[in-house]
Amino acid sequence: MTTPMPDPSGAPVDDDLLRRAYALMVVTRALDTSAVTWQRQGLLPAYPPLRGQEAAQVGSVLGADLTSDLLFPTYRELGVAVAADVDLVGYFGNHLGHWNGGLYDPVASRLAPIQAVVGGSVLHAVGWALGRALDGENGVAVAYLGDGASSQGDVHEAMNFAAVLEAPVVFFVQNNRWALSVPLHRQVAGESVAARAGGYGIPGLVVDGDDVAAVYRAMRTAVEHARATRQPVVLEAMTYRRGPHATSDDPGRYRSLADEATAGADPIDRLRDRLTASGAADESWFADVDTDATGRIDALHAVLVASSPRPGADLFEHVFVHPTPQLTAQHARWREESDRV
Ligand SMILES: Cc1ncc(C[n+]2csc(CCOP(=O)(O)OP(=O)(O)O)c2C)c(N)n1
Ligand SMILES: [Mg+2]
């Protein structure tokens, strides 16, 4: 039986929170834009931009409680990492192509390792949440997934088992209307992933993913509902992937400018207009935010440029505590053949 979730519109949002969200969104946008440039310059082998999804990502983290909850990202969650204050040098270890998926501390920062397997983080989130609940702890897992991932069998299994076994998970779907070159209607017949929640007997909620206050309110309500009832929630943030799937992708081959124009107003512009209209921020405050963002990016860039590649042997170091004979043999063969030991 689905336990009704409180109406999220009751969750309070004050100017401090909105200003904090704005600053985090601006840093995320600037960093995201820089990362594309760094890939073009050869610093990063590849990068998946999140342009347009800043409100969804930042709002989702602000709505969680990072003293107890754990976030399970995909590959496109730089805004989540920024909002969770993850060590960005460690985070970019992933995009530098280090073997071990980034070098930040997942437990301290509350961000699980970056996951490139579509739907993979969703299974991990359910397992973690169930383990915490069985140990009597109150942590909620936030499982990030895309509209495309929702058509993977793993995601159905994760949602079903979370509901049946009572694992406190918020399935946070960023519905950006594209799964690489595949449009939403080729993955989701009903236009909404949250609509499926009813079939699992859990609450499902669709929210404007480009309105950071709405995402924050919905996330806060969903997380507290999952914590209080151990009932998972599907929360779907409707947004748009304004850039390419990744730096190796050319969206001009599969979508038109007319399609891109359906994205609507930019989430950062929307929040800026709101802060200006209410008098919560003025031009000099916005300028300071931009200056801070530039300073952070310059500092990060200097460290990334100065960093040397990880030893290739790392590839074999973090797979098993006790390596299998096959892995040991591969390691030996690689050592003989590689000039990058
Ligand atoms: C299991 C698996 N299948 C396929 C891929 C290749 N792949 C990478 S991203 C992607 C599209 C995912 O779309 P969506 O879940 O909507 O997330 P988005 O990229 O839009 O953030 C695909 C098919 C993969 N990484 N993992
Ligand atoms: Mg998508």
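Is Asp282 buried, exposed or partly exposed, and what is its relative accessible area? In this predicted model, Asp282 is partly exposed, with a relative accessible area of 45%. The residue is placed in the loop between α11 (267-278) and α12 (283-306). Together with Asp288, Asp290 and Asp292, Asp282 forms a patch of negative charge on the surface.

Asp147 and Trp178 are both buried.

Side chains of opposite charge can pair when their charged atoms come close. The structure contains 10 salt bridges. One of them joins Asp266 to Arg29, with an N to O distance of 2.9 Å. Because Asp266 lies in the loop between α10 (257-261) and α11 and Arg29 in helix α1 (residues 15-40), this pair ties together parts that are 237 residues apart in sequence. Asp266 and Arg29 are both buried.

A further salt bridge is formed by Arg270 and Asp208, whose closest N and O atoms are 2.8 Å apart. Arg270 lies in helix α11 and Asp208 in strand β6 (residues 204-208), so parts 62 residues apart in sequence are tied together. Arg270 is partly exposed, at a relative accessible area of 31%, and Asp208 is partly exposed at 33%. Salt bridges with shared partners also join Arg29, Glu54 and Asp266 into one network.

Methods
Residues numbered from 1 in each chain as written. Chains lettered and ligands numbered in written order. Predicted model: local features only at pLDDT ≥ 70, side-chain atom pairs only at ≥ 80, totals over all residues. Heavy atoms only, no water. Patch = residues over 30% accessible without salt bridge, like charges linked within 9 Å, V, L, I, M, F, W, Y side chains within 5 Å. Areas by Shrake-Rupley, 256 points an atom, 1.4 Å probe, with all protein chains shown as cover. Salt bridge = Lys/Arg side-chain N within 4 Å of Asp/Glu carboxyl O. Lys, Arg positive; Asp, Glu negative; His and termini not counted. Charge placed at Lys NZ, Arg CZ, Asp CG, Glu CD. Helix = DSSP H or I, 4+ residues; strand = E, 2+ residues; numbered from the N terminus. Buried < 20%, exposed > 50% of the residue type's maximum accessible area, 1.4 Å probe, protein only.
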